[in-house]
Amino acid sequence: MRYYINKVGFLLISIWAAITINFILPRMMPGNPAEIIFGKFQGRLQPSALHAMMIEFGFSNAPWYIQYFQYLGNIITGHFGISYSYFPVHVKTIIEQSLPWTLGAVGIATLLAAIIGTFGGIFIAWIRGSFLEKAIPIVGMFFQATPANWTAFMLLFFFGFDLSIFPMYHGFGSDVTPGFNWPFISSVIDHGVLPVATVFLTGVSGWIVGMRANMINTLGEDYVIFAEAKGVSKARLMFSYTARNALLPQVTSLAIAIGMIVNGSILMETEFSYPGIGFQLNNAVSGEDYPMVQGMFLIIALCVLFANFIVDLLYSRLDPRVRTGGAN
Amino acid sequence: MKKRTIGMLGASTAVLVALTGFSQVGASATTHALAASMTMKRAIANEKPLVILASPVGPWTDNFSPWSNEVGDTGQIGLIYQPLEYFDAVTTAKVPLLSTGYSWSNGYKTLTANLRHGVKWSNGSAFTSADVVFTFQELKKYPDADGNGDWNVLSSVVAKGPYQVQFNFKTVNVPYASYILGQYIIPKQQFANLGDPTKAIIKNPIGTGPYILQSFNSQDITYYANPQYWGGEPAVRTVEYPAFSGNDSADLALAKSQVDWAGIFIPSIQAVYASKSPYHKYWFPAGDVTMLYTNMSVPGLNDYAVREAMSLAINRTQLANEGEYGYTTVALPSGLLPSQVSEWQASGLPSAFTMNDQKAEQILMKAGYKKDSSGIFAKDGKELSFTMQVPTGWTDWDTDVSLMTQEMAQVGIKIVPEVEAQSTYFSNIFSPKKQYQLVISWTNPGPSPFFLFNSMFNPKGGSFNESEVNNPQVTTALTQFSSSGSLAVQKSALAVMQKYLATQLPGLPLFYGSTWYEYNDQNYTGWPTAANPYIDPAPYNSVSQAIVLMHLKPRT
């Protein structure tokens, strides 16, 4: 019980700290969003437009503590403010529009990478000593090391441009209407294959190598050697004895990975013109769009904290030693 | 056991979230009521939409207000909203739209515009002078809507009957007519109760233009031809604006003929695009002058000899061919665009820039500079060493800066390139106290060369006086130009400005900034070309893009 109360208390304190840091950081950035937008038009705007924009953005001269409490109040009521770069559209609208696509594509890709990567790690530990055991991690690490936009572009070029198997851009086709209908859903899947493949390829190697390392460590444990000596079958040894225990560190990694899904994959989204949140976040940061940056950082921080919290709770079910503090 | 539960939990959560997400997407893709019923009636099977890619700026947001920041890329100013008259900077064309003509009176302090009869808003009601007066009153009431600063110049706007509007100026400012007449007109019926128009989110735009909004989602915007348009229903029935987030997939889409009209930069355009089909065409007319600004408050740069030597050292042809991929040409010493030369070029000016390292060094030596031990010219112990700023990521300019650094080193001038983050670069060039010594940047074009010179030379109110120019003779010429409606007076005033630029080099014109323009004429003909340059051809320029659409006809 104490364990759970500790965890909840820690969660609440972390959330407060995340919210406060989220308030402070954007205000420390140099420059001025009005000047940046003005600059983007490269001389097509009049100078009075710059002045006009600064009024629009409501550059507040209120003292910082008043701004802070206004900010806290807004967070609680769900008002993330009005975006500067998409003025006067609300930050909430933009997040609502793009977050689901990221959760879908990057979420599925991450889960696939975790599941297939974990099984891959088990498989490699199984076939220790063979050629494949050395080859698979190397190929995986090659894709992990190359930048995601290169991988994305290669997939885009070969499967989209040359062979025309998959569409080259967008989350869904222009000839379907969004909604719960099969043409739309199949269009989404069709357009999602290459983006999901990109994120999958750039991430799977980490899971494979991690699981393999855990497996090898666990295979050296006494109880495994004892079981092997007692004549347990190799399959049972691998799955029921070793993998079950080697899985625990993977669960920790999964917590972090799920939390980071909301980051989006800016490189993949730029290459495929996929309407996810990574692109919006990148734009917001380079455009010094304070309300948007704050809104997204907050969501990312909260998602990571919640994901960690849930996994912490699950972990205590998976590994009894955590609950009892390691005592016997 | 447990890991399977986790796995299934995770997978089902992901699927659930994804499905909820997509239903949200469905909700946010609003079907605009007026358009939906029209769409049913207008299922035109055989006519493919014309696909336009203005700029790859990412997913669209549902706001068609003319004040939205995406305006150039989604086309609503031009396709939906129109001004009284459009003045084109690239070709000097003048196109009357909601007005049929205008005249000056009262010693050029009153501008009277005659409005077109029979124009209807897209919801059927009539367009009258009340809408024009309302638009300008909104700008006055809400200064953040007045992007051009019209009310710094206007004293009042009065309707004279339903088809005539009178603009009264505080002081004579003839060139300003292009801003007044170029203001897009908003419908009083829609905006009257919305308060500050810049804060309004408009999902159902009502306009007088040739197109009406058909559908919106974050990936795609479509417009259909307005059957009631005063200029006649456009031949291009449907226009589509897909959203792109980056140049790579945009280039591939163009190469595969999935986009008909684009305004993006493509390296090696012949190999990547033009060679893929005989219908893939492009043309990059000069849009503005790319200038190397010299901050003349910096010691060294205030010496004309130094600026002249720098200009003689720069190999502008190399900049145009290497840095700019050969897509542009070298600028003129007069600072004019090629389309402006026949009307405005002053006589007695050098016809082209020359490159002459020897002459550059002679000029410096004659001015009292001597080469020091490191080979750099110096006077009184101070070396001729300057920083040159450029924004990071603008790769063509980054190349140009490193080329210029090498070229100036040949004549004993040391250049230290400063590649800045974009936000820092913009802050530096817009701050009142100029935070640079040399900087490469654009110029502000307009319907006549006056606009470029005014922004660059006007010490009070020049929007882009990056070289800290304050020359009494030039300031007088600027006032002379703007106070007179006589072409002869304007031409002689402009000659003074051109001569100042050519002989004093407050900034060094380098080459022309290109207007990016790629088009596919397989389905439609009537595009602007070098042989027929009737208007600015870029799809990202408001109003001119609608003029191009009105010129297009299906290929017979």
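Biologist: In what order do the elements of chain A run from the N terminus on?
Modeller: They run α-α-α-α-α-α-α-α-α-α-α-α-α-α, which comes to 14 helices and zero strands. Helices (H or I, at least four residues) and strands (E, at least two) are DSSP runs, numbered from the N terminus. This is a predicted model, in which local features need pLDDT of at least 70 and side-chain atom pairs count only at pLDDT 80 or more, while totals for chains, interfaces and linings use all residues. Residues are numbered from 1 along each chain as its sequence is written, and chains are lettered from A and ligands numbered from 1 in the order in which they are written.

Biologist: How do the axes of H6(A) and H8(A) cross?
Modeller: The axes of helix H6 (residues 131–145) and helix H8 (residues 182–219) of chain A come within 7 Å and cross at roughly 140 degrees. Axes are lines fitted to C-alpha atoms, for helices over the stretch in contact, and angles run from 0 to 180 degrees between N-to-C directions. H6(A) is therefore oblique to H8(A); angles under 35 degrees count as roughly parallel, over 145 as roughly antiparallel, 65 to 115 as roughly perpendicular and the rest as oblique.

Biologist: And which residues make the contact?
Modeller: H6(A) contributes Ile136(A), Pro137(A), Gly140(A), Met141(A), Phe143(A) and Gln144(A). From H8(A) come Leu201(A), Thr202(A), Val204(A), Ser205(A), Gly206(A), Ile208(A) and Val209(A). Two residues are in contact if their C-beta atoms, placed from the backbone, lie within 7 Å.

Biologist: Turning to chain B, how many residues of H8(B) are buried?
Modeller: Seven of the nine residues of helix H8 (residues 247–255) of chain B are buried. A residue is buried if 20 or more other C-beta atoms lie within 10 Å of its own, exposed if 12 or fewer, and partly exposed in between, with C-beta atoms placed from the backbone. The buried residues are Asp248(B), Ser249(B), Ala250(B), Asp251(B), Leu252(B), Ala253(B) and Leu254(B).

Biologist: What do they pack against?
Modeller: Their partners include helix H7 (148–162) and helix H11 (266–272) of chain A, as well as strand E1 (50–53) of chain B. After H8(B) comes Ser257(B), with a positive phi near 60 degrees.

Biologist: Where does pLDDT stay under 50 in chain B?
Modeller: Over residues 16–46. pLDDT is the predictor's confidence in each residue, from 0 to 100. Where it is low, the predicted coordinates should not be read in detail. The mean for chain B is 89, and 92% of its residues reach 70 or more.
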